[in-house]
Amino acid sequence: MSRGLFVAALFVLGGCQLLLGIESREVFEGDAGAPEAGPSPDSAVLPDGAPVTPDGGDGGDTGLPWDAGAFPNVVEPGDVVAFTPDSLEYEPNGQITAWRDVVSKTRKATNTSSPKGAPPFVASVGGRSCAEFSAGSLLTLVDDGFLYPSAGELTVLAVVKPSAVLDKGSFGRVALARTISTDDASTEGWHYSYRGYALLSEYRPVDRTSPASERKYAARLEATLATGTGFEVAEPSARPENAAEELEAVALQVSAEKLYLHVGTQTYGPRLGASAAQPPKADLLFGKVDSDTDFEATGFKGKLCVVIVHHGVETPEHVRARLATLRAAFR
């Protein structure tokens, strides 16, 4: 080949490469020429190499903490456990047998327990699957050390739909709690005195001066009903006894030795003295304040859709924004 033909061939080859490069760049940048976004969470992998699917895969078997299956961008760094609609496992009749919680970027099965009567069943809320509790239902997440906030900053976010039936309980309807008992229940089989926290959908004051539970939310720390001690923040206006079932996003927050209660866009509190209310190695219970067999006093009735436990500093404004995101997922 002559030198002239060789130079011409190089020129043609270079032109083709340039055109291919332009076409390739247009594919990635689009008409506006903007750089392509980085890999989405959907293309990531779990530590064991299992691929992540956009909707959580087969009922929540896979997913990253910031993806949370069908709830994108609601689980943040510092969130150590999540109970979400796509995490439920249940039998053909709807009985819940387990769920999968997001812990340390993995999903693990957790068995349910129901010491008395009816187990929790799956129920649809806004097209999503939630857990429906009767007065004898309980879900237990056994703590292996990951639930204790070493810095003392804690937020527990939940989406709940209490039953329209308001029973006259002697304590209150506990949607979720993490407690350790401080008295001896060996003779009577129940505990009312505890260290820890509880988020209630129906409320009974610690001093027990009210003749019946009120239909309001409450956040409670270190309750000891026998002596009337404890820290609590209650929603100040009670709902009517015949109020219809209503889905609500609520949160209990402990920050800078203060206790807050968030109900939707409203914040109640703070109350001082919340720093010593985090018991180590205490299980997280859904539907009751403790694991005893007394469901008449504390058993929750209604639906529970989301539980997220956050360790770390959050502002009340940020907590309310997270609650709005969680609530919007069920519209």
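The span expected of a helix is 1.5 Å times one less than its number of residues. Helix 3 makes a handy test case: it runs over residues 316-328, so its 13 residues should span 18 Å, and the C-alpha atoms at its ends do sit 18 Å apart, which agrees. The model here is a predicted one, so everything below describes a prediction.

Which residues of helix 3 are buried? They are Val319, Arg322, Leu323 and Leu326. Around the axis these residues cover an arc of only 100°, which puts them on the same side of helix 3. As for what lies over the buried residues of helix 3, the cover includes strand 1 (79-83), strand 8 (154-162), strand 13 (248-255), strand 14 (258-263) and strand 17 (302-311).

Stepping back to the whole protein, there are three helices and 17 strands. The protein has 331 residues, and 48% of them count as buried. Its accessible surface comes to about 15,200 Å², with 56% of that belonging to carbon and sulfur atoms.

Next come the aromatic rings. A pair of aromatic rings is described by the distance of the centres and the angle of the planes. Searching the whole structure turns up four aromatic pairs. One of them is Phe83 with Trp99: the ring centres are 5.6 Å apart and the planes meet at 80°, so this pair is edge-to-face. Since Phe83 belongs to strand 1 and Trp99 to strand 3 (residues 96-103), the pair ties together parts that are 16 residues apart in sequence.

Leaving aside residues up to four places away in sequence, Gly302 touches Ala131, Glu132, Phe133, Lys161, Pro162 and Ser163. With a relative accessibility of 6%, Gly302 counts as buried. Gly302 can also be set against Ser201: the two are 101 residues apart in sequence, yet 9.3 Å apart in space from C-alpha to C-alpha.

Tyr217 shows a ring in another kind of arrangement. What sits over the ring of Tyr217? It is the charged end of Arg239, 4.4 Å from the ring centre. Tyr217 lies in the loop between strand 10 (194-202) and strand 11 (218-224). Although it is in a loop, Tyr217 is buried, with a relative accessible area of 3%. Between the C-alpha atoms of Tyr217 and Gly172 there are 9.7 Å, and along the chain these residues are 45 places apart.

Most residues other than glycine have a negative phi, and most peptide bonds are trans. Against that background, Gly269 and Pro270 are joined by a cis peptide bond, with omega about 5°. Pro270 is part of strand 15 (residues 266-272). Glu257 is not a glycine, but its phi is positive, near 60°. Glu257 belongs to the loop between strand 13 and strand 14, and at 47% relative accessibility it counts as partly exposed. Lys281 likewise has a positive phi, about 55°, without being a glycine. Where is Lys281? It lies in the loop between strand 15 and strand 16 (284-286). Exposed means over 50% relative accessible area, so Lys281, at 56%, counts as exposed.

Terms used. Residues are numbered from 1 along each chain as its sequence is written. This is a predicted model: local features need pLDDT of at least 70, side-chain atom pairs count only at pLDDT 80 or more; totals for chains, interfaces and linings use all residues. Side-chain values use heavy atoms; hydrogens and water are left out. Helices (H or I, at least four residues) and strands (E, at least two) are DSSP runs, numbered from the N terminus. Buried means under 20% relative accessible area, exposed over 50%, partly exposed in between (1.4 Å probe, protein chains only). The arc is that of the directions from the helix axis to the C-beta atoms. Contact means heavy atoms within 4.5 Å. Accessible areas come from the Shrake-Rupley method with a 1.4 Å probe; for residues, only the protein chains shown count as cover. Rings of Phe, Tyr and Trp (its six-membered ring) pair if their centres lie within 6.5 Å; planes under 30 degrees apart count as stacked, over 60 as edge-to-face and the rest as tilted. A charge sits over a ring if NZ of Lys or CZ of Arg is within 6 Å of the ring centre and within 35 degrees of the ring normal.
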